[in-house]
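Dear colleague,

I am handing over the structure below, together with some notes on what turned up in it. Please read the notes with the coordinates open beside them.

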Amino acid sequence: MIRCAIVGCGHIALKHMEAIRALEGAELVALCDTDPFKLESLQAKCGAAAFTSMNDMLRQMPEIDLVCICTPSGTHARLAEMAARAGKHLVIEKPVSLTPQDGEAIREAARLGGVKAAVVHPNRYRPAVRYLKWALDSGLLGKISHVNATVRWNRSQAYYDQAAWRGTREMDGGVLMNQAIHSLDLLLWLFGPVAKVQAMADTRLRRIETEDVAIAALRFGSGALGVVEAATTVYEHNLEESISVFGEHGYVIIGGPTANWIKQWKCSTMTQGEIDMITKRVELDPYGVPGHQRIIEDMIQAIEEDRNPSVTVEDGVRAVRLVEEIITAAGRQEIHT
């Protein structure tokens, strides 16, 4: 039995709590948050021991095996390093950190502590995405011409005003680091490293320190081209999250308000029956097993089998580095209104 603790009792902690509850090999034994109200609210749902200090939690409960870091992004590195030094395995919410350097520090702390560390990029486990990964690995689409990742979402000013850290460079990041990071992780996982970046980014509508809209043109190491469009400025609601892939033998478009549905699948190397079967399976179960559950389940198996988790700190750092490269390429020095 892997005994788990959650540090940070905000909204995302609920997904970790539900994931741990759903797994036979895991038990939630401790919670930690500096906000007593959030701490008490989550404790009422699970009954785990509660702490307002992570040091106190680690000292008083040495039996903890795994710590889930669910705090604001700017605190991930410090807390993850503390847990790793205490010999605790780590599941870290996205992004793994706000800089590649902090991500590398987490990786080194995990190595020195002899522990395993995973990053929460659960979109990899969406059924439609898994089928796309299979098709690419099987070469069914042939040579890839170009790809597109789109996040057209709404995050109102009220969303950012909920907490002082939201939208800040020090603690949160902008649309690329916070919302589009999952799409960037998918691009890297599906198509490999990026060799060249050109970009524009700006803060158009929200009163925040970071970008609320960004557009980037990519060239992957394979030669394939890519386009990223990310915004939290879409009026009123989340409009679209999509991944589109165009190859010599066909194309696949996964979309919807979240990228869970197959919108188009054309492929000359597959029969229509095969395509229809995939599309129907996704329509029947577009979400599959919750991604957080898959991430934590994989971590438990990684501990038991003494292997790396499926989504490593290195994977998380690659996504953060791509965000940094896009922002650097954009050369954003001022806010245009």
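Predicted model: local features only at pLDDT ≥ 70, side-chain atom pairs only at ≥ 80, totals over all residues.

Helix H12

Helix H12 covers residues 313-330, 18 residues in total, and spans 26 Å between its first and last C-alpha atoms, which is close to the 26 Å expected at 1.5 Å a residue. Its buried residues are Val313, Asp315, Gly316, Val317, Ala319, Val320, Leu322, Val323 and Ile326, and these pack against helix H5 (100-113), strand E6 (117-119), helix H8 (175-178), helix H9 (181-191), strand E8 (194-202) and strand E9 (213-220). After H12 comes glycine 331, which has a positive phi, near 60°.

Of these neighbours, H9 can be described in more detail. The axes of H9 and H12 come within 9 Å and cross at roughly 110°, which makes H9 roughly perpendicular to H12. On the H9 side the contact involves Ile181, Leu184, Asp185 and Leu188, and on the H12 side Asp315, Arg318, Ala319, Val320, Leu322, Val323 and Ile326. Sorted by class, the contact of H9 with H12 has eight nonpolar, no polar and three charged residues.

Helix H6

Helix H6 (residues 127-137) has as its buried residues Pro127, Ala128, Val129, Leu132, Lys133, Ala135 and Leu136. The elements that cover them include E7, H9, E11, strand E12 (250-255), strand E13 (261-267) and helix H10 (272-284). As with the other helix, a glycine with positive phi follows: glycine 139 comes after H6, with phi near 75°.

Salt bridges

The count of salt bridges comes to 16. In general terms, side chains of opposite charge can pair when their charged atoms come close.

Arginine 59 forms a salt bridge with aspartate 56, with 2.7 Å between the closest N and O atoms. Both residues lie in helix H3 (residues 54-60), three residues apart, which is about one turn of the helix. Arginine 59 counts as exposed because its relative accessibility is 56%, whereas aspartate 56, at 26%, counts as partly exposed.

Arginine 152 forms a salt bridge with glutamate 240, where the closest N and O atoms are 2.8 Å apart. This pair links distant parts of the chain, since arginine 152 is in strand E7 (residues 144-152) and glutamate 240 is in strand E11 (residues 240-247), 88 residues apart. Both partners are partly exposed, arginine 152 at 28% relative accessibility and glutamate 240 with a relative accessible area of 22%.

Aspartate 298 and arginine 307 also meet through their side chains in a salt bridge, at 3.0 Å from N to O. Aspartate 298 counts as buried, at 9% relative accessibility, while arginine 307 counts as partly exposed, at 25%.

Backbone details

Most residues other than glycine have a negative phi, and most peptide bonds are trans. Against that background, which peptide bond is cis, joining a lysine and a proline? The bond joins lysine 94 and proline 95, with omega about -20°, and proline 95 has its place in the loop between strand E5 (89-92) and H5.

Glutamate 236 has a positive phi of about 75° although it is not a glycine. Glutamate 236 is found in the loop between strand E10 (225-231) and E11, and at 58% relative accessibility it counts as exposed. Aspartate 306, likewise not a glycine, has a positive phi of about 55°. Aspartate 306 is found in the loop between helix H11 (291-305) and H12, and it counts as exposed, at 62% relative accessibility. Its C-alpha atom is separated by 29 Å from that of leucine 132, 174 residues apart along the chain.

Methods
Residues numbered from 1 in each chain as written. Heavy atoms only, no water. Helix = DSSP H or I, 4+ residues; strand = E, 2+ residues; numbered from the N terminus. Expected span 1.5 Å × (residues − 1). Buried < 20%, exposed > 50% of the residue type's maximum accessible area, 1.4 Å probe, protein only. Contact = heavy atoms within 4.5 Å. Axes fitted to C-alpha atoms, helices over the stretch in contact; angles between N-to-C directions. Parallel < 35°, antiparallel > 145°, perpendicular 65-115°, else oblique. Nonpolar A, V, L, I, M, F, W, Y, C, P; charged D, E, K, R; others polar. Salt bridge = Lys/Arg side-chain N within 4 Å of Asp/Glu carboxyl O.
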